[in-house]
Amino acid sequence: MSQRIIDLSLLIEDNMPAHKLFQRPVLTTHLSHESSKALGLGVPGDAMTFQTNFIAMLDHVGTHVDAFRHVKPDGAPIDEMPLEMFIGKAVCLDLRHIPDLGEIGVEDLEAAQAEAGVVIDGHIVLLCTGFHQRNYPRLDSVWKNPLLTVEATRWLYERGSMMQGVEGPSTDKPTDDDFAQHRLCRELGMSHWEWLVNLESLIGQGEFQFFGAPLKFKGGSGSPVRAFAIIEQ
């Protein structure tokens, strides 16, 4: 049986859109092949040149995962969360009928689960609303993502799904300031990936393996990830 890898990660770029409360990242060349010639490395006729880049960004920019510390003062930082949380069996639900600033409710999840043909039982659940394709890279995309309701979050929790993944910068609507979904995740010990992309490629694939492991930042409130799925063919 062959495997296909689907990249679910947003390209990290200088000054890319970020959540409405967060600074956008800075990426620039630190040393270029041209400027590093001045270091005189290598041998005559075969200079050793190189490039390094400077990166300054928050740990919640681009495709990233939230640590428990992000919303809970005494919650585990990203370097203390078990790697097992960030990999595992997964399913992608087709929710493309949900509009920008819409709400994903229990009825939507139930219908999408039936359509996917996978009974959620401890799965990582990815929610495809088509948001990314509709909006990115326009800057106003940070003001349009849908909400995963608290009722829908509890529905997932009751089925053993402790980690979910969404398109866009948040699981809460940017027009709301109560952050109900994040507060419920804080209560239940759940977390999620934000700003996944290419989820359309996973619709109809049934169960697959998902990988979204963080960098090991000491005390990190979250981390960028290189998220991908492995589909058995």
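1. Leu-27 touches Ile-12, Glu-13, Asp-14, Phe-54 and Ile-55, leaving aside residues up to four places away in sequence. Contact here means heavy atoms within 4.5 Å. Leu-27 sits in strand S2. Leu-27 counts as partly exposed, at 25% relative accessibility. The classes are buried (under 20% relative accessible area), exposed (over 50%) and partly exposed (in between), with a 1.4 Å probe and protein chains only.

2. On provenance: this is a predicted model, where local features need pLDDT of at least 70 and side-chain atom pairs count only at pLDDT 80 or more, while totals for chains, interfaces and linings use all residues. Residues are numbered from 1 along each chain as its sequence is written, and side-chain values use heavy atoms, with hydrogens and water left out.

3. Helices (H or I, at least four residues) and strands (E, at least two) are DSSP runs, numbered from the N terminus. Helix H4 spans residues 180–188, and its buried residues include Gln-181, His-182, Leu-184, Cys-185 and Leu-188. They line one face of the helix, because they fall within an arc of 160 degrees seen down the H4 axis. That arc is taken over the directions from the helix axis to the C-beta atoms. Cover for these residues includes strand S6 (64–66), strand S10 (147–148), helix H3 (150–158) and strand S12 (191–194). Gly-189 follows H4 and has a positive phi, near 75 degrees.

4. Which residues of strand S13 are buried? Phe-208 and Phe-210 are, and they point to one face.

5. S13 has partners. Strands pair if DSSP finds at least two bridges between them. Strand S7 (residues 87–94) pairs with S13 in the antiparallel sense over 4 bridges. Strand S15 (residues 228–232) is also antiparallel to S13, joined by 3 bridges. Phe-210 stands opposite Gly-88 and opposite Ala-229 in S15.

6. Leu-41 lies in the loop between strand S2 (26–31) and strand S3 (42–43). Leu-41 is partly exposed, with a relative accessible area of 39%. Together with Leu-39 and Met-48, Leu-41 makes a nonpolar surface patch of about 280 Å².

Technical notes:
Patches are made of residues with over 30% relative accessible area and no salt bridge: like charges are joined within 9 Å, nonpolar side chains (Val, Leu, Ile, Met, Phe, Trp, Tyr) within 5 Å. Accessible areas come from the Shrake-Rupley method with a 1.4 Å probe; for residues, only the protein chains shown count as cover. A salt bridge is a side-chain nitrogen of Lys or Arg within 4 Å of a carboxyl oxygen of Asp or Glu.
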